[in-house]
Amino acid sequence: MLLSGVAVIGSGAVVGFMNLPGRTAAPASSPNGAQTSSVPITRSDMVDTKQVSGTLGYAGRRIQPNRASGVVTATRAEGTVVRRGGWLYKVEGKPVFLMYGAVPMYRRLGVGTTGPDVQQLELNLVKLGYKSGTVDKTFTAVTAQAVWAWQRDKGLVATGRAEVSQVIFSRGALRIAENTKEAGDAAEGSVVTTTRTERAITIKLETSNQQFARKGARVRVQLPDGKKVAGTISSVGTIARPGKDADSPATIDVSVKVGGELGRLDQAPVTVELRTGRRKDVLSVPVEALIAREGGQYGVRVVQGGTRQVVPVETGLFTGSRVEISGAGLSEGVRVEVPKL
């Protein structure tokens with residue numbers, strides 16, 4: 001049970017003061033002389049949330065390995081979406097092309113080479129309009145002719161062999177997130193960082209809150225412009241990463257899928273509401289209706305006609321302004337006393 005935000009003033013005192021809808025206009029006086037009114041007990045689902053910080057960006061951020069040697073001569077504008085057959089950057093004037101596939105380009109492919117990487121190369125050539133023969137795991141002379149034609153058309157040295165410096169394989173379209181090299185730089189290590197094209201939110205969630213993140217759970221996201229959109233937790237990391245210093249808590253990575261109009265902002269701060277508790281079809285009253293009783297117990301003062309009676313209650317979920325209650329004789333619509341503002 002969460003008790004944050006509840007302040008008990010003393011035995012017999014009403015706790016909290018908030019202006020809630022449904023309150024009667026006719027004032028009354030409690031036994032201690034304070035001005036009061038009354039509100040009905042309601043029945044509904046109750047959801048409690050916890051707000052955490054996140055970053056809106058794009059899914060699948062990756063520093064792409066570069067296999068071409070020489071000087072970078074061209075890059076694409078950040079934010080550019082590159083699809084099958086498009087170029088990612090150029091080294092020594094030669095483009096490095098994107099093709100689709102799960103197997104990385106880790107070796108030269110030529111006549112006699114076999115394997116799933118050959119099959120995905122042949123499939124890409126077909127999709128790009130080149131006749132590579134039967135799409136299978138064997139690089140044949142027909143495949144070589146298709147590669148030769150593709151190299152000729154794209155301004156590469158036409159050899160009929162696909163080189164590791166010429167192709168980067170990805171499962172789909174890539175977005176240029178950041179150019180880590182500029183024209184004139186040596187093409188060492190990596191030239192670009194890419195993402196996939198779908199939007200995603202990353203949360204560095206403190207490990208003490210990891211119980212609130214569950215794959216498939218729905219969340220609400222507040223964007224930088226104040227607009228709120230729905231999201232779904234797509235993954236929850238299992239590796240705790242230490243904080244930046246001794247005072248910073250360890251965190252796990254949580255990813256959230258979001259849809260709707262999100263604009264083009266990248267690496268933008270957002271607020272994510274994680275569900276921390278949910279109670280279905282329960283009775284609740286404003287928190288200020290609670291009355292502290294001896295022994296740390298609570299009650300509500302039921303107003304019926306001209307009489308008032310304190311009824312002991314068991315409290316459940318607190319959701320900031322309201323609290324779940326149960327007790328003998330309590331039902332939806334019964335009016336309870338609250339302070340009059």
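**R196 and E198.** I started with R196, which makes a salt bridge to E198 with the closest N and O atoms 2.7 Å apart. My cut-off for a salt bridge is a side-chain nitrogen of Lys or Arg within 4 Å of a carboxyl oxygen of Asp or Glu. R196 is partly exposed at 40% relative accessible area, and E198 is partly exposed too, at 36%. For the record, buried means under 20% relative accessible area, exposed over 50%, and partly exposed in between (1.4 Å probe, protein chains only).

**Ground rules.** This is a predicted model, so I note that local features need pLDDT of at least 70, side-chain atom pairs count only at pLDDT 80 or more, and totals for chains, interfaces and linings use all residues. Residues are numbered from 1 along each chain as its sequence is written, and side-chain values use heavy atoms, with hydrogens and water left out.

**Other salt bridges.** I got a count of 15 salt bridges by that rule. One of them pairs R175 with D266, closest N and O atoms 3.5 Å apart. R175 sits in strand β10 (174-179) and D266 in the loop between β15 (251-258) and β16 (268-286), so this pair ties together parts 91 residues apart in sequence. Strands here are DSSP runs of E, at least two residues, numbered from the N terminus. R175 is buried at 8% relative accessibility, while D266 is partly exposed at 26%.

Next I looked up R301, which bridges to E337 with the closest N and O atoms 2.8 Å apart. R301 lies in β18 (298-304) and E337 in β21 (335-339), so the pair links parts 36 residues apart in sequence. Both R301 and E337 are buried. I also found R108, R161 and E163 joined into one network by salt bridges that share partners.

I listed contacts (heavy atoms within 4.5 Å) for V221: among them are I201, V258, V270 and V272, leaving out residues up to four places away in sequence.

**Strand β9.** I checked both faces of β9 (167-170), and they are covered: V167 and F169 on one side, I168 and S170 on the other, all buried. Strand β8 (94-100) runs parallel to β9, joined by 4 bridges; pairing needs at least two DSSP bridges. M99 stands opposite F169 in β9.
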